[in-house]
Amino acid sequence: MTDTNPGGLVVFDHPLIRHKLTLIRDERTSHRLFRATLAQIAGLMVYEVTRSFETESFRVRTPLVETTGYRVRGTITVVPVLRAGSGMIDGILDIMPEARVGHLGMARDESTLEPKTYLSKLPKDLAAGPVILVDPMLATGGSASAAVRLLREAGATDLRMICLVAAPEGVARMRRDHPDLRIYAAALDERLNEKGYILPGLGDAGDRMYGTT
Ligand code: PRP
Ligand code: URA
């Protein structure tokens, strides 16, 4: 794991994550394999992302004696940005089945690259614990920036983001708009093309996931 900026971006350099991300980048990968692999990477990433979660101790009885046990403090909420973020949810819930799931629906206007929010279904008490925003693609950063603003307005106080591929342009935008937000990515790519797609990237994540290319 490379921590390029404690306030901002953490890039994973785990061999399994690099291996699986390459599968996802490959244009020959089917939507079925794309979906399964995306969920697996999310599961691998969340293990490290949750390292900073606070725990509280309580007494627990084993079959032999009483001892000290631990549980994560507060209620965890995971918020995927639809559509593509939903592809990371199963992998995360495999590791944290007790987490709640809020949903944000956002679609980028292909000509202006501005995000439009079409759905927001969130738990009322987002401040009740850690919140993880999930979207595989951080391109211009427009969607992520709007999502973070929305989550904070809705009450989230302990927030971080997981993405798969980040573009330097999106990271810079997030640093400007939300300097205190920690972002975890499987890769920091080279740049955006003239249409706002990440290079080398993996194409349109939602389309590749659902076979709507
Ligand atoms: C993709 C992706 C992000 C957004 C990133 O979603 O999942 O939400 O684009 O781009 P940005 O950083 O420039 O805002 P898209 O709008 O294509 O919707 P989809 O997941 O439904 O395909
Ligand atoms: N959204 C995607 O799905 N892919 C990109 O490369 C950029 C935005």
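A residue is taken to surround a molecule if one of its heavy atoms lies within 4 Å of that molecule. The structure under discussion is a predicted model, in which local features need pLDDT of at least 70, side-chain atom pairs count only at pLDDT 80 or more, and totals for chains, interfaces and linings use all residues. Residues are numbered from 1 along each chain as its sequence is written, ligands are numbered from 1 in the order in which they are written, and side-chain values use heavy atoms, with hydrogens and water left out.

I begin with ligand 2. Its surroundings consist of Arg108, Met137, Ala139, Gly196, Tyr197, Ile198, Gly203, Asp204 and Ala205. An oxygen atom of ligand 2 is 2.8 Å from a polar backbone atom of Ile198. Another entry pairs a backbone N or O atom of Ala205 with an oxygen atom of ligand 2 at 2.8 Å, and a backbone N or O atom of Gly203 lies 2.8 Å from a nitrogen atom of the ligand. On its own, ligand 2 exposes 240 Å², of which the protein buries 88% (Shrake-Rupley method, 1.4 Å probe).

I turn now to ligand 1. This ligand is surrounded by 16 residues, the closest being Arg83, Arg108, Asp135, Thr140 and Ser143. A polar side-chain atom of Thr140 lies 2.6 Å from an oxygen atom of ligand 1, while the side chain of Arg83 places an N or O atom 2.8 Å from a ligand oxygen. The protein covers 93% of the 500 Å² of accessible area that ligand 1 has on its own.

Note on methods. Polar contact = N/O pair within 3.5 Å; in protein donor to acceptor, adjacent residues only side chain to side chain.
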